[in-house]
Amino acid sequence: MKPTARLPLDEIRRRFFAGQPLPGQALPPSILHSWQRCQGLGLSAGGRGGDRLTDGELRDRRDASADWLEPARPALAGLYEQVSAGGLALVVADRRGLVLDQAGDIGFLDKAERLALTPGMDWSEAARGTNAIGTALAAADSVLVRGAEHYLERNRALSCAACPLLGPQGQLLGVLDISGPGRKLGDAQRLALHAARAQIEARQLEEAARHGWRLTLHADPRWLGSPAASQLVFDGDGRLLAANRAGLALCGLEPDAWQPRHFAALFGQSLEHWLDRHGPAAGLLALGHHRLSARLRPPPLPLPKPSAPAAGTPRAPAPPALDGLPDGLFSTALKLLEADIPVLILGETGTGKDRLARALHAAGSRRGAPFVAVNCAAIPEGLIEAELFGYQPGAYTGASRQGSRGRLREADGGVLFLDEIGDMPPGLQARLLRTLQEREVTPLGGGPAQRLDIRLICATHRDLRARVDDGGFRADLYYRLCHYPLSLPPLRERGDIAAIAQTMLDGMGAARRGISLEPKLVLAIRGYRWPGNLRELSNLLATLLALADDGAALGVEHLPAALREDMAAQGHAVEDSAIADLLRRCGGNASAAARALGISRSTLYRRLGKTPR
């Protein structure tokens with residue numbers, strides 16, 4: 001039986017944008033899923049997208065990526081030599097798809113300039129549709145985009161391959177991309193691209209392993225020295241500090257979804273027990289039902305106490321999970337934290353105050369030190385003092401015989417996050433104030449005071465000024481914390497909620513599973529007011545993903561019935577406003593907007609109260 005002839009790509013594009021079904025395997029799944037995401041966001045295939053950053057803004061974005069970009073220079077130089085000789089260009093972008101650097105064949109660079117593939121331009125999917133840089137970020141995987149597979153018509157002269165770079169904790173650092181005209185991009189260049197990525201990521205892991213125990217694992221002991229082996233780095237207490245790609249997979253971690261892991265929880269024995277039996281040598285470790293050959297190497301340098309911040313203040317854009325924040329809020333908060341000024345975050349319940357706190361810790365100079373979070377509203381009033389300050393053995397009835405260090409001392413050298421500080425009992429506020437002023441903590445039951453070195457982040461949904469006026473919050477503690485309060489806007493005030501939802505979905509692995517949002521659901525997301533803010537949206541998306549099959553297109557019918565009713569209750573006024581916004585995003589092209597919504601052009605005009613032209 002003869003194989004079915006594949007449709008020309010131009011015909012596939014015509015059918016897709018006309019809303020007609022495509023034959024099976026008409027497009028690579030990564031391209032089809034990306035087109036569906038772009039269409040769901042209302043992107044027009046004829047769009048252009050975005051302005052170039054100023055020189056100062058571009059310099060700030062490069063500075064924010066300097067911790068991985070500068071060590072990557074040797075690998076990038078080697079890749080450049082192979083790329084430029086083939087008439088291609090090497091492009092480096094940050095974790096949000098902004099082009100940081102570009103080098104390569106002079107003739108092609110002129111064309112790249114005309115296509116805006118140049119430093120300072122945003123090549124995320126939301127800005128440029130399907131393209132190697134943005135789609136590699138969305139899918140957290142390598143991708144090849146040739147010619148008319150690009151979503152925007154103006155980019156069909158390009159062929160591009162890109163792969164995301166992962167840091168030692170699985171965090172997305174940025175993207176390496178090779179771009180060129182026509183079919184000049186071949187397998188040799190793609191192999192060189194992946195080799196450079198491996199070299200850059202290995203350098204990142206080497207740096208992380210300078211202060212930790214490095215565990216190498218493989219089913220076959222002969223492969224312990226190969227790049228295919230899993231690499232895990234633990235601190236002296238057995239906490240996982242870093243891992244390579246194989247190590248992330250071994251621990252069940254997705255890229256950009258780092259979670260605490262412990263040696264004992266993974267392998268059923270403590271790091272100390274392993275060292276007592278084997279020392280820094282080879283042996284066998286059990287992980288689940290698997291027995292793996294293992295080699296443990298000691299840290300080449302002493303395990304450090306977290307260092308003081310380096311000269312200068314780190315500057316970083318807000319992580320994608322915090323899209324929609326006011327300009328400069330994240331960098332302002334980071335400057336305050338690095339200057340040892342308490343960061344006070346205000347905002348409605350669910351606006352992401354805890355996400356912001358964790359992102360600040362991850363971006364600051366103490367990112368390798370403890371981050372200790374305490375919810376002041378979730379601990380019973382009778383226990384919160386012992387929880388925070390610790391206690392001596394037998395300090396009170398029911399106390400542990402070993403005593404407790406307390407959360408403040410657990411955060412020593414790192415960052416303490418006091419969530420819902422506005423609900424802290426008044427009697428405890430005075431003791432916290434004294435601790436912050438004296439930088440000492442005394443456990444319950446007496447004993448010597450302990451010096452304390454912490455950076456402080458506080459958050460509340462309450463109006464602290466009003467709490468001071470009604471006597472619920474101490475004025476002196478308020479002024480100690482309220483140097484420069486930062487307000488997180490509710491989700492409904494953060495711009496394009498559907499784009500934020502798509503970013504969150506991608507972070508949850510939707511792109512890798514080929515799951516997208518149907519245009520009608522995108523419209524519903526844009527029109528809803530989200531009283532529970534980011535928490536409500538995140539919980540909904542996680543639930544929809546858990547219930548969805550791979551390759552599914554999520555529609556309004558997949559929403560819980562109660563949420564569908566709430567959305568419908570807001571009336572057509574909000575929906576019509578969203579339709580008008582989508583029409584603007586499509587450059588006034590009524591046909592494109594109608595196709596994105598799955599309605600006829602006349603219906604669209606009727607909803608907007610206009611006469612069809």
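In this predicted model, Asp419 is buried but takes part in no salt bridge. The nearest side chain of opposite charge belongs to Lys353, at a distance of 5.6 Å. Asp419 is located in strand β13, which covers residues 415–419. When residues up to four places away in sequence are left aside, Asp419 touches Val374, Asn375, Cys376 and Ala459.

Salt bridges are found elsewhere in the chain, and the count comes to 32. One of them joins Asp10 to Arg156, with the closest N and O atoms 2.5 Å apart. This pair links distant parts of the chain: Asp10 belongs to helix α1, Arg156 belongs to the loop between β3 and β4, and 146 residues separate the two. Asp10 is partly exposed, at a relative accessible area of 46%. Arg156 also counts as partly exposed, at 33% relative accessibility. Arg156 forms a further salt bridge with Glu153, at 2.9 Å from N to O. Glu153 is partly exposed, with a relative accessible area of 37%. A network of salt bridges links Asp10, Arg13, Glu153 and Arg156.

Another salt bridge is formed by the side chains of Glu348 and Arg492, at 2.7 Å from N to O. Here too the pair links distant parts of the chain, with the partners 144 residues apart. Glu348 is in the loop between β11 (343–346) and α14 (353–363), whereas Arg492 is in the loop between β17 (486–487) and α20 (497–507). Glu348 counts as partly exposed at 33% relative accessibility, and Arg492 is partly exposed with a relative accessible area of 29%.

For the chain as a whole, the model contains 27 helices and 19 strands. Of the 613 residues, 48% are buried. Among contacts with a separation of 6 or more, 64% are between residues 24 or more positions apart. The chain exposes about 27900 Å², and carbon and sulfur atoms supply 51% of this area.

Five strands form an open sheet in the order β2-β1-β5-β4-β3, with antiparallel pairing. Its edge strands are β2 (99–104) and β3 (143–146), each of which pairs on one side only. From one strand to the next, the twist averages 15°. In general, strands of a sheet pair through backbone hydrogen bonds, in either a parallel or an antiparallel manner.

Within this sheet, strand β1 (residues 89–94) pairs with β2 in the antiparallel sense over 5 bridges. Val91 stands opposite Gln102 of β2. The pairing of β1 with β5 is also antiparallel and extends over 6 bridges, with Ala93 opposite Val175 of β5. Strand β1 is mostly covered, as 6 of its 6 residues are buried. Ala89, Val91 and Ala93 point one way from β1, while Leu90, Val92 and Asp94 point the other way. The hairpin of β1 and β2 has 4 residues between the strands, and Gly97 in this hairpin takes a positive phi near 90°.

Helix α6 (residues 106–114) lies across β1, β2, β4 (158–166) and β5 (172–181). This helix runs at about 145° to β2.

Ala116 has a positive phi of about 70° although it is not a glycine, and is found in the loop between α6 and α7 (125–128). Gln25, likewise not a glycine, has a positive phi of about 60°. The position of Gln25 is in the loop between α1 (9–17) and α2 (29–40). The surroundings of these two residues can be set side by side. Ala116 is buried, with a relative accessible area of 11%, whereas Gln25 is exposed, with a relative accessible area of 76%.

Notes:
Residues are numbered from 1 along each chain as its sequence is written. This is a predicted model: local features need pLDDT of at least 70, side-chain atom pairs count only at pLDDT 80 or more; totals for chains, interfaces and linings use all residues. Side-chain values use heavy atoms; hydrogens and water are left out. Buried means under 20% relative accessible area, exposed over 50%, partly exposed in between (1.4 Å probe, protein chains only). Lys and Arg count as positive and Asp and Glu as negative; His and the chain ends are not counted. A salt bridge is a side-chain nitrogen of Lys or Arg within 4 Å of a carboxyl oxygen of Asp or Glu. Contact means heavy atoms within 4.5 Å. Accessible areas come from the Shrake-Rupley method with a 1.4 Å probe; for residues, only the protein chains shown count as cover. Two strands pair if DSSP finds at least two bridges between them. Axes are lines fitted to C-alpha atoms, for helices over the stretch in contact, and angles run from 0 to 180 degrees between N-to-C directions.
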